[in-house]
Amino acid sequence: MPAPAPVTGILDSELDVPPTPSPPPSTHNWTGDCQDLIFGRGEMLTHEQAVARLPQQHQCDRLVLLYFRHRFTAAPYIHTNKFQKEYDSFWRAPTSVSLLWISCLASILWIATAIALEKGESDAPRLEQLAALAVDCLVSGDYLAAKPYSIEALLLHGYTEMREKHMVDSSLWAKFGLTARLAQRMGYHRDPKYLSNVTPFEGEIRRRAWFFIEVFDILFSFQQGVPPIIRDDECDTEAPANLYDADFDENMMVLPPSRPPTEPTSNLYLSIKSRLCRILRRVLRQSLSIHPPPYEEVLKLNDELHHYHSQVPPALQIKPIRSYSFTDQSYDIMHRLMLEMMFLKSLCFLHRPYLNREKDNPQCDLSRNICREAALRILDIHAEYEEESKPGGRMYEDKYMLSSLTVHDFLIASMILCLDITENLPSTPADRSRKLKALGTSYKIWSERKNASREAAHATRVVGAILRRVSMQDMPQSKPPPPPPQSDIRDGSLAILLNNDVQLPTPVPTTYDQSQLIPAMGFSLDFMDTAPIDNVLKDANMADWTLIDHILLDRPQSTYHPAAL
C-alpha cells in the first residue's frame, strides 16, 4: 500500500506562524478587559504586564526545578532542554518568547506550587493568581490562531483545572474538546512524517502532545457517556518513541531509533499506554453504538485487551505495593497502577452490558465473570493504595499523586458490583460476601474523607445509597421485629451484611442494634444522608449511569441503553 501523501497547504502555513501575539478573537474595551467564549472575562496583557504578575525570579527558579524533578506531573510535551534554553532567554529578554509560552510557564508554576503546598510549604505563591495569569496569557496570545505553544498551553491549563477540581465537569469537557479540534486543525492527528514543514524534533513533541489529547478525549468519553471526538479512521499519528529528552534536540535531521521496552525511560509509559488508549477508544465506540455489536466483536476486543496486557514490559507490570523494592520510584509505581486501572476499566466497560443482557445465554457468562472480577480488582487496588497513603505507608510522602486517580473509576466499580448483586446472578455466599465487603471498604474510605473533599462526599453518598439499596434486599423476611426508625433499620441491616470478619449470634439479632455490630467493624457507617438512590445518581457529570439507575430502582423491563455505562 503506498504511503499517504504529505499534508500541505493550510497546515504548513499555520506551522510557520511566528510566536508573536495578535489581537485575540474576543471583545475587549479600552480598560484592557476582554471576554473570551471559553475562558470568560479576563485582562488583555502585554509581555511587561505578564512578567510583572509572575513571582520573583528566584521563586520561579525554585518552582520550575521542583516541577521537572517530579516526573509524574511534568508534561512530556514540554522538552526539558528546550524549555531550559527558552526560560533563560525569557529572563534576559521577556519578549523573546510568546505570551502562549508565558501561559505554559504560569501553569507549570501552578502545578509546582500545588505540589509545594501539599508538602507543607507555606511561602508558595497564590494558586488563583497563577491560574488567572495562565488564562490571560492564553487569550492575549490568541490561542485560537493555531500558533506554536497553543496546544501545550491549553493542555497545561486544562491539567491544572483537573487537579484543582479533582473531578471532570462539563466546562472541562468543552475546553478539552476545543483543544482536540484545534490540534486537528494544526495537523496533530497526522503523523509528522506526512507534514512537510515539521522537523523530526517537532514531530516527536507533537506525538507526545497528541497522546495526551487522545487520553483526555477517552477520559471525557468514558465519564460523560458520549462518543470520542477522535476517530481511528481519521488519524495516523504514531505512538511516542521510548526516548529520553537528552536523546534528541532541535538540530537533529533524523530521530534516533526508539529504545527497547526493556529500557524504562521517562516516556516508556506514554508509548505503552497510547496502544491501550486506542483499544479503549474502540471499546467505547462499540459500547456507545446505537446498535449493540455481535458478541463475537466483544470477544475479539477482549482478546486484544488481554494480548496487550500480556505484552506490557516488566518495568510497567503492577505488583502488590509492599513487594516493590526501596529503589522503585513513586512515579514508576503510579505509572504501573494507572496502566492496570485503565486495562481493568476497559474490561468493565466492554463487558458490563452482559450483567443484565442475555442472562439465559451461558456463552455470555464469560463477560459477566470478567466484568465483576475486574470491578472487584479495582476496589481492591483502591483499598491497597488508600492504606499506603496513610502515615507510614509507601505512598505517604507522595500521596498527591493519588489525586490523579478519578473518583469515577472507583464509583463505576461499585455500581457494577451492586448491579451484579441486585440482578441476582448466580453466586455462592462466599462470592456475595466478598462483593459486600469490597463495597463496605469502599464506603469506609470515602466516608473518612467526606468532610475534606467534595468528590469524597459525593462518593460517600453514591456508595452509601448503593449499600442502602442492597441492605434492604437482604432484610430478613420472616416475623420482622417492630420497626425502629427507618434509618436505624437500614444502618443495622447494613452492618450485618458487611460484618464479614465477626461471628454474629444465630439467629441474627432481631433488634438491629447498631451498638452491638458496628463497633466490631472498626468504623461507623454514617447514613445521615438518606436521599433515595435515584436522587443521588442524578448528577450532570455522571450521565453514563442512566441504566444502572434503572436497575437499582427495580424498574420493570429495564433494557440496555447505549448512552449508559
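The protein chain has 20 helices and three strands. Helices (H or I, at least four residues) and strands (E, at least two) are DSSP runs, numbered from the N terminus. This is a predicted model, in which local features need pLDDT of at least 70 and side-chain atom pairs count only at pLDDT 80 or more, while totals for chains, interfaces and linings use all residues. Residues are numbered from 1 along each chain as its sequence is written, and side-chain values use heavy atoms, with hydrogens and water left out.

Of the 565 residues of the chain, 55% count as buried. Buried means under 20% relative accessible area, exposed over 50%, and partly exposed in between, with a 1.4 Å probe and protein chains only. Contact here means heavy atoms within 4.5 Å. Among contacts between residues at least 6 apart in sequence, 73% join residues at least 24 apart.

**Helix pairs**

Axes are lines fitted to C-alpha atoms, for helices over the stretch in contact, and angles run from 0 to 180 degrees between N-to-C directions.

| Helix pair | Angle | Axes |
|---|---|---|
| α3 (residues 57-69) and α4 (residues 80-92) | about 175 degrees | 13 Å apart |
| α10 (residues 268-287) and α11 (residues 295-310) | about 165 degrees | 11 Å apart |
| α12 (residues 330-351) and α13 (residues 365-388) | roughly 150 degrees | within 8 Å |

Angles under 35 degrees count as roughly parallel, over 145 as roughly antiparallel, 65 to 115 as roughly perpendicular and the rest as oblique. With an angle of about 175 degrees, α3 is therefore roughly antiparallel to α4. On the α3 side the contact involves Gln57, Cys60, Asp61, Val64 and Phe68, which meet Thr80, Phe83, Tyr87 and Trp91 of α4. By class, this contact has six nonpolar, two polar and one charged residue. Ala, Val, Leu, Ile, Met, Phe, Trp, Tyr, Cys and Pro count as nonpolar, Asp, Glu, Lys and Arg as charged, and the others, Gly among them, as polar.

For α10 and α11, the angle is about 165 degrees, so α10 is roughly antiparallel to α11. Their crossing is left-handed, a term used if the near helix is turned anticlockwise from the far one by less than a right angle, with right-handed for clockwise. Helix α10 contributes Ile272, Lys273, Arg275, Leu276, Ile279, Arg282, Val283 and Gln286, and α11 contributes Glu297, Val298, Leu301, Glu304, Leu305 and Tyr308. Eight of these residues are nonpolar, one is polar and five are charged.

Helices α12 and α13 cross at roughly 150 degrees and are therefore roughly antiparallel to each other. This crossing is also left-handed. Among the residues that make the contact are Ile333, Leu337, Leu344, Lys345 and His351 of α12 and Ser367, Ile370, Arg377, Ile378 and Tyr385 of α13. The contact of α12 with α13 has 13 nonpolar, two polar and three charged residues.

**Two buried lysines**

Lys273 lies in helix α10. Its relative accessible area is 8%, so Lys273 is buried. Leaving aside neighbours within four places in sequence, Lys273 is in contact with Phe211, Val215, Tyr308, Met338, Leu339 and Met342. Lys273 and His335 are 62 residues apart in sequence, and their C-alpha atoms are 9.4 Å apart in space.

Lys345 lies in helix α12 and counts as buried because its relative accessibility is 10%. Its side chain is joined to that of Asp409 by a polar contact of 3.4 Å. A polar contact is a pair of N or O atoms within 3.5 Å; within protein, one must be able to donate a hydrogen and the other to accept it, and residues adjacent in sequence count only if both atoms are side-chain atoms. Beyond neighbours within four places in sequence, Lys345 is in contact with Phe222, Ile378 and Asp409.

**Other buried residues**

Ser107 is found in helix α5 (residues 99-118). With a relative accessible area of 1%, Ser107 is buried. Apart from neighbours within four places in sequence, Ser107 is in contact with Ala134, Leu156, His157 and Thr160.

Asp142 lies in the loop between α6 (127-140) and α7 (150-165). Its phi is near 60 degrees, a positive value in a residue other than glycine, and at 7% relative accessibility Asp142 counts as buried. Tyr149 is placed in the loop between α6 and α7. Phi of Tyr149 is near 75 degrees, again positive in a residue other than glycine, and Tyr149 is buried at 17% relative accessible area.
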